[in-house]
Structure formats: structure tokens, C-alpha cells
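Dear colleague,

I am handing over the structure below, and I would be glad if you kept it open while reading the notes that follow.

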Amino acid sequence: MQTETHAGADLNLDTLLSLYRGMLSIRKIEEALVRLYQLGHIPGACHTYIGQEAIATGVCAHLRQDDVVFSTHRGHGHAVAKGVPPEEVIGELLGRMTGCSRGRGGSMHLFSPEVGLMGTTGIVGPNLLQSTGAALSFQLLRLDRVSVCFFGDGAVNNGAFHEAINMAAIWDLPVLFVCENNMYATEVPFAYATRNTDVVARAASYGVASQDVDGNDVVAVFNASAQAVDHVRGGRGPYLVECRTYRTRPHAEGMRDVGYRTQDEVSQWKQRDPIAALRTALYNDAMATEEQLSAIEERVTATVDAARETAESSPFPDPSTATSHIFSE
Ligand SMILES: Cc1ncc(C[n+]2csc(CCOP(=O)(O)OP(=O)(O)O)c2C)c(N)n1
């Protein structure tokens, strides 16, 4: 494996710094959540996105607020990149009223349709079908909105993947499928679960345009997504981007992380950290100074600290309202 992120000769500095800021925000939020989990302040599960930040950041950079994202159990990064404020993400994991689901859902029920975040989910696979359904509604309503589905390699052997991609293909639906191939589904290697680990080849077999990309290179993800979103918004049917990446923390906080991958493998992927890679490239290419980059880091840290404090000082929902919002009136 090699570390080779280019600062992106074809991208302007504002875009590159915005991608840097975006990835860093997700990382700082995740680090705050890890600490809160370890202190016992997060009542539910917490699957972090650490190591995969380039994907949500690079894809969502091309989305409008009225485009929609259907996320996974590893969805904090998707929520943040789609525009859910950090205090609402942290507040939701802490079960507070100010969380984006009013503290009733937690990590795997982050919803904010106002900004197009249609939900994280504890169930692997159905979001492929939901995103395809949203795309069908956009097509019927003749809207140029894009539906995006993030999913892991663990979802591509689920029947939902095959049903969704086939229907999206035959009806030319405006859906972008983003496979975050981090090589493992919990502790099961992708290569154990299938004889064909090439997700792009699966898309091709359904007649869907696709490309694979280094998911740890935010510039590569940004460029591939530009092409993909353009294709989908332009009415040319679905598109699949396979991002090859790695999660550097355990499957979920509090879980063991031994027996299915080596520490050597984890260390090698940490060397390919997407945030450090872009920082180094920006610095080495003399596009940004150490002072500029440090100033961004300080601002992001201050914003996330303030968001955590706001979330921590927010009230829990009143227990007497436990049955509110369950049925639509
Ligand atoms: C339908 C279904 N089957 C099994 C599970 C248990 N499960 C939770 S996360 C997970 C692994 C998912 O792997 P992947 O989709 O590759 O995402 P990653 O965790 O690697 O981001 C599994 C099998 C589930 N939540 N839903």
C-alpha cells in the first residue's frame, strides 16, 4: 500500500480546504463520541466512521440541500456531510431533546429530512430499496433531485442490493449507489463472503455505469462523484461508485478488535489516513501553510467542543412523552 494523495491540480484551494475542513469535522465529532462512549454517556451503539471520512465528504460536496441521503449504521459522517449540525448529531447520541431525532433514536436513527438526511439505520440493506424508491418519486415528479445510498460491502450480498440496482437500471432512476468497501462486515472478510469482490463488476452486470476509486483519497472521491452526480442528475440513470477504504477502529465502540484482521494491516491503513494525506499534500505542494492548516484545525476543534458542551447541557426528553411521535396524526 502506498500513501499518495494529490492536492488536486484541477481543484481550487477553497475547494480543497473545504474538503479538509469537512473531513476534520467528522473526525473530531467521532473522537468526541468515542470519549463520551468510554465515559458511559452514550446509551446505545456507536459505530464510528474514522478512516472513511473522505467518502461522505467527497460525495456530499456535490449534493444540494434537496438531494437525499440514505445512510447506514455507520452514518455519523453522512449526517454531518449532508448538513446536520454537530450539536444535533452529538445530542442525538446522548439521547437529548436537542438531538436531530429529539433524543429518541440514537446513532442508528439520525433523521433530518430538512437537510436531506433520510436516516441512518440498524438494518443492513433496506436503504438501497428506500433510496431507489425516492429516486422513483423524483422521476415521477420530474424533479432533478438526486437520491444517494451509502452502503458497505456487507450489503452487496443482500437481496436488496440486487433488487434495487436492477430496478434502478431498467427504469433509469436518479440514484447514486456509493459502496464503502472497507473489506469487512463486522468481522467477516468480504473475500470470505463472496467469490466476486469486484462491486463495480456487479454494477456492470446490471448495465449500470460505475467506477471504483481510492476511498481514502478525497480528491479522487470528489472527482468521481462529480462525474457520478452529473450523470444521475442529467437523467442518464443510476451510477455506482465503489470506494475502497478501511475502518481503523473496531466495528463498534466497546467491541473487541482481534482475531479477524492483523494489527499490521490496521497500522498500514492508518498510514493512509485520508485527512493526514490531504494535509501533507496541501503543505508539500505549497498550497497551504502550516499556520493556515493549524488555524482550520483550531476552529474545527473549537466548534466541535462547543457542540459537545451544548449537547451535554441539553435536557433529556420528558419520560411522559415516551409515546409521542409514534403515530402520525
Ligand atoms: C439485515 C441485517 N443483517 C445483519 C445485521 C448485523 N450487522 C450489523 S452491521 C453488520 C456488518 C455490515 O457490514 P458492512 O455493510 O460492510 O458495513 P461496515 O460495518 O463495514 O461499515 C452486520 C452483519 C444487520 N444489522 N442487518
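The buried residues of H11 pack against H1, H2, helix H9 (218–233) and helix H12 (290–312), where helices (H or I, at least four residues) and strands (E, at least two) are DSSP runs numbered from the N terminus, and where two residues are in contact if their C-beta atoms, placed from the backbone, lie within 7 Å. This is a predicted model, in which local features need pLDDT of at least 70 and side-chain atom pairs count only at pLDDT 80 or more, while totals for chains, interfaces and linings use all residues. Residues are numbered from 1 along each chain as its sequence is written.

In H11 itself (residues 274–284), the buried residues are Pro-274, Ile-275, Ala-277, Leu-278, Arg-279, Ala-281 and Leu-282; buried is used for 20 or more other C-beta atoms within 10 Å of a residue's own, exposed for 12 or fewer, and partly exposed for values in between. Just after H11, Ala-286 takes a positive phi of about 60°.

Two of the partners of H11, H1 and H2, also meet each other. The axes of H1 (residues 13–38) and H2 (residues 53–60) come within 9 Å and cross at roughly 135°, with axes fitted to C-alpha atoms over the stretch in contact and angles running from 0 to 180 degrees between N-to-C directions. That makes H1 oblique to H2, since angles under 35 degrees count as roughly parallel, over 145 as roughly antiparallel, 65 to 115 as roughly perpendicular and the rest as oblique. On the H1 side the contact is made by Leu-19, Gly-22, Met-23, Ile-26 and Arg-27, and on the H2 side by Glu-53, Ala-54, Ala-56, Thr-57 and Gly-58.

For H5 (residues 126–140) and H6 (residues 159–170), the axes come within 8 Å and cross at roughly 20°, which makes H5 roughly parallel to H6. Pro-126, Leu-128, Leu-129, Thr-132 and Ala-135 of H5 meet Ala-160, Phe-161, Glu-163, Ala-164, Met-167 and Ala-168 of H6.

Arg-102, in the loop between helix H4 (86–93) and H5, has a positive phi of about 60° although it is not a glycine, and with 18 C-beta neighbours inside 10 Å Arg-102 counts as partly exposed. Asp-172, in the loop between H6 and strand S3 (175–181), has a positive phi near 50°, and Asp-172 is partly exposed, with 14 other C-beta atoms within 10 Å.
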